Amino acid sequence: MANTERINALKQVHEAEDSVTNTLKKPGLTAPQRRILDELSDILKEIDKLLLLNELNDSIEELEGKSKKLKAINKRIKKQIENLEEVADKVEKAAKAIDAIVKAFGALG
Amino acid sequence: MRPTKLQNRAFIFIFLLFPFLFTCCAALTASQIKEVGKFAKASQGYSELPGALAGSYGVLIRNNKLLSVTREEFGQIDKQGGIDTSEANDALETIQSAYKDEMDFTAVGKQMDAALSVLQIYSDLLTSLVSDNFAEALSESAEKLGKSLDKAIDEYNDKYKKDAPLKKVGGIIGSAGGLYRRHKQASILKNIIKEADPLVIGLMDEIQIIASEKLKPSFVNYEDNYIGKEFKSVANNKKQVDISTVVFVYDNLYKARQSIILADRISKAAEHYKNAHMDLVKNTRTRKKLKEAIKQIEALSKEVKAANEVKNDINK
């Protein structure tokens with residue numbers, strides 16, 4: 001069921017709950033009538049809960065899908081950061097080369 | 001042909017200059033990097049808010065079920081003249097199902113936390129990318145590099161410049177390695193912000209739907225049709241209510257109203273999150289000095305802080 005349809009269903013259950021609550025506010029109801037309305041209210045709440053849980057679970061699927069993609073970007077970036085070590089290594093090698101040149105000149109000087 | 005002393009000195013000079021060449025063409029300015037750091041800090045503590053909202057609903061419906069147990073009358077005499085145990089049995093079932101309700105929503109909240117933990121990772125990554133110490137190994141390499149060059153200068157001075165030795169510059173090389181690294185960091189930073197933007201927008205849109213369209217209407221519905229309705233059923237059936245019931249109802253009404261505020265704040269913060277990130281992308285497209293702070297980042301910071309205050313109030 002599409003998101004909007006579920007949200008509409010949830011809205012309709014809320015309206016039914018409103019109707020039960022408003023009926024219960026009225027005076028003159030007998031105890032058995034109140035009992036039936038209470039039971040009806042309990043059932044509506046169970047449906048309400050199930051609809052909401054389904055809605056939220058759908059959202060979790062959506063969130064997980066998007067999160068997965070963002071995680072992939074994060075992973076790639078972390079790899080790039082690791083690659084920076086190579087740059088530092090290369091610069092270090094250049095420094096060593098200079099060191100060697102200086103040593104060679106020192107020996108000749 | 002052997003290099004002359006002058007060529008040797010020129011080599012060292014070019015080597016020293018090398019990192020500064022990167023500085024002049026760095027991908028982002030200090031003010032741009034600062035704004036990224038501010039965004040990362042502002043967005044901290046946002047990812048767990050939607051999960052907390054779902055958890056709060058679980059506690060509220062649990063409490064409503066527990067209250068509903070007290071509307072019943074127990075130990076009535078049945079048709080055979082014995083004690084009718086059905087109400088007590090039903091009551092226990094209701095208490096057990098209240099536990100399940102709470103657990104169901106707690107689980108949903110945890111799943112949301114897990115799905116949104118990526119936002120925390122993203123924020124941590126941005127923080128490390130604007131930091132000077134994001135890779136210990138790199139710092140060590142730079143340090144080694146500096147020491148190596150200082151040693152070379154020492155030897156050079158010893159041989160050729162005993163009277164007027166060249167100044168040791170290992171420290172500069174160390175930080176120069178850092179400057180090069182900084183250039184790379186800034187470049188990565190610029191790319192990740194741009195690439196992550198559509199996903200950040202997608203996640204924030206979904207969070208807004210959860211907070212405003214899914215959970216908020218349920219919290220609004222709660223006051224009248226759950227706790228309000230249940231309180232009246234108990235009062236009408238029992239003919240009187242004790243203070244603990246009144247306080248219990250009040251606490252849940254308060255929690256429901258605070259949850260509505262939290263839902264609004266989460267949604268508003270999601271809007272600021274999206275806008276702040278979009279502004280970051282816009283302001284890091286080209287290297288430029290930002291004259292003023294990005295307003296959406298400040299708004300995000302305020303909203304996340306306010307939302308966390310409401311969350312803490314609900315959980316106290």
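Where in H4(B) is the kink centred, and what is its angle? The legends below take this up, after a note on the model.

This is a predicted model, in which local features need pLDDT of at least 70, side-chain atom pairs count only at pLDDT 80 or more, and totals for chains, interfaces and linings use all residues. Residues are numbered from 1 along each chain as its sequence is written, while chains are lettered from A and ligands numbered from 1 in the order in which they are written.

**View 1. The kink in helix H4 of chain B.** The kink is centred on Ala115(B) and amounts to about 35°; the bend at a residue is the angle between axes fitted to the seven residues ending there and the seven starting there. H4 covers residues 86–130, which is 45 residues. From first C-alpha to last it reaches 66 Å, close to the 66 Å expected at 1.5 Å a residue. The expected span is 1.5 Å times one less than the number of residues.

**View 2. Chain B as a set of helices.** Chain B has eight helices and zero strands. Helices (H or I, at least four residues) and strands (E, at least two) are DSSP runs, numbered from the N terminus. Of the 316 residues, 41% count as buried, meaning that 20 or more other C-beta atoms, placed from the backbone, lie within 10 Å of the residue's own.

**View 3. Helix H2 of chain B.** H2 has 14 residues, 30–43, and reaches 20 Å from its first C-alpha to its last. Its buried residues include Ile33(B), Val36(B), Phe39(B) and Ala40(B). Just after the helix, Gly45(B) takes a positive phi of about 80°.

**View 4. The surroundings of Gln32(B).** Gln32(B) lies in helix H2. This residue is buried because 26 other C-beta atoms are within 10 Å. Not counting residues up to four places away in sequence, Gln32(B) touches Asn283(B), Thr284(B) and Leu290(B); a contact requires C-beta atoms, placed from the backbone, within 7 Å. The C-alpha atoms of Gln32(B) and Asn283(B) are separated by 7.3 Å, although the two residues are 251 residues apart along the chain.

View 5. The average pLDDT of chain B is 82, and 75% of the residues score at least 70; pLDDT is the predictor's confidence in each residue, from 0 to 100. Over residues 13–25 the pLDDT stays under 50. Residues 172–176 also have a pLDDT below 50. Where pLDDT is low, predicted coordinates should not be read in detail.

Key:
Buried ≥ 20, exposed ≤ 12 C-beta atoms within 10 Å, placed from the backbone. Contact = placed C-beta atoms within 7 Å.
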